[in-house]
Amino acid sequence: MLLNFENLTIRNAASADAEQLAAWWNDGTIMAHAGFPNGLGKSAEEIAEQIAGDTDENRRLMIEMDGKPIGEMSYRLAGEKTAEIGIKICDFSQQEKGLGKKLLSMLIASLFRDFGYQKIILDTNLNNKRAQHVYEKLGFKKLRINENSWRNQLGELQSSVDYEMYPEDFVDLRG
């Protein structure tokens with residue numbers, strides 16, 4: 001996958017990205033919202049091996065702005081014609097600037113148009129109100145709230161929200 005819009009690029013992760021991904025994944029401040037306040041503890045070598053196994057049904061993606069990595073996305077086959085997606089803008093200086101809605105629009109449009117998916121799903125922490133706002137503006141419908149459904153690395157109970165979207169629900173927010 002290679003998607004460009006304005007100064008943003010979404011591309012397949014490569015083994016050369018493993019060092020950057022390791023730095024992000026092992027940083028608890030970046031990973032706390034995903035339940036890993038101590039980071040993942042993954043080596044660049046382990047991440048490079050994972051990337052080598054990526055396919056068009058399970059792909060890690062790099063987000064670049066002006067050619068510089070600022071985050072990551074992913075998608076995976078999660079059922080018949082269903083993709084599950086994720087996004088993380090890891091460069092804190094690039095958060096809360098409206099990039100998430102553009103990047104998600106780029107990815108979602110491609111998954112529906114180029115890959116033929118008929119449904120996209122995702123989940124987020126119930127406390128991540130900013131992400132929920134963006135997802136709902138894009139056309140995602142809230143399916144359920146999973147109260148105290150998992151524990152983070154520190155053993156603290158966490159709740160999540162499940163979302164889904166069909167092609168007719170999608171609102172492209174690149175404009």
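**Exercise 1.** Does Lys 81 count as buried, partly exposed or exposed, and what is its relative accessibility?

*Solution.* The structure is a predicted model, and the place of Lys 81 in it is the loop between strand S4 (68-77) and strand S5 (82-89). The relative accessibility of Lys 81 is 47%. Buried means under 20% and exposed means over 50%, with partly exposed in between, so Lys 81 counts as partly exposed at 47%. As for the backbone, Lys 81 has a positive phi of about 55°, although this residue is not a glycine.

**Exercise 2.** Locate Asn 148 in the secondary structure, then describe its phi and its accessibility.

*Solution.* Begin with the element: Asn 148 lies in strand S7, which covers residues 141-151.

**Exercise 3.** Identify the residues that form a patch of negative charge on the surface, and state which helix contributes the largest share of the patch.

*Solution.* The patch of negative charge on the surface brings together Glu 19, Glu 45, Glu 46 and Glu 49. Its largest share, 3 residues, comes from helix H3, which covers residues 44-52. Glu 46 is found in helix H3, and with a relative accessible area of 37% Glu 46 is partly exposed. A residue of a patch needs over 30% relative accessible area and no salt bridge, and the 37% of Glu 46 can be set against that cut-off for area.

Terms used. Residues numbered from 1 in each chain as written. Predicted model: local features only at pLDDT ≥ 70, side-chain atom pairs only at ≥ 80, totals over all residues. Heavy atoms only, no water. Patch = residues over 30% accessible without salt bridge, like charges linked within 9 Å, V, L, I, M, F, W, Y side chains within 5 Å. Areas by Shrake-Rupley, 256 points an atom, 1.4 Å probe, with all protein chains shown as cover. Salt bridge = Lys/Arg side-chain N within 4 Å of Asp/Glu carboxyl O. Lys, Arg positive; Asp, Glu negative; His and termini not counted. Charge placed at Lys NZ, Arg CZ, Asp CG, Glu CD. Helix = DSSP H or I, 4+ residues; strand = E, 2+ residues; numbered from the N terminus. Buried < 20%, exposed > 50% of the residue type's maximum accessible area, 1.4 Å probe, protein only.
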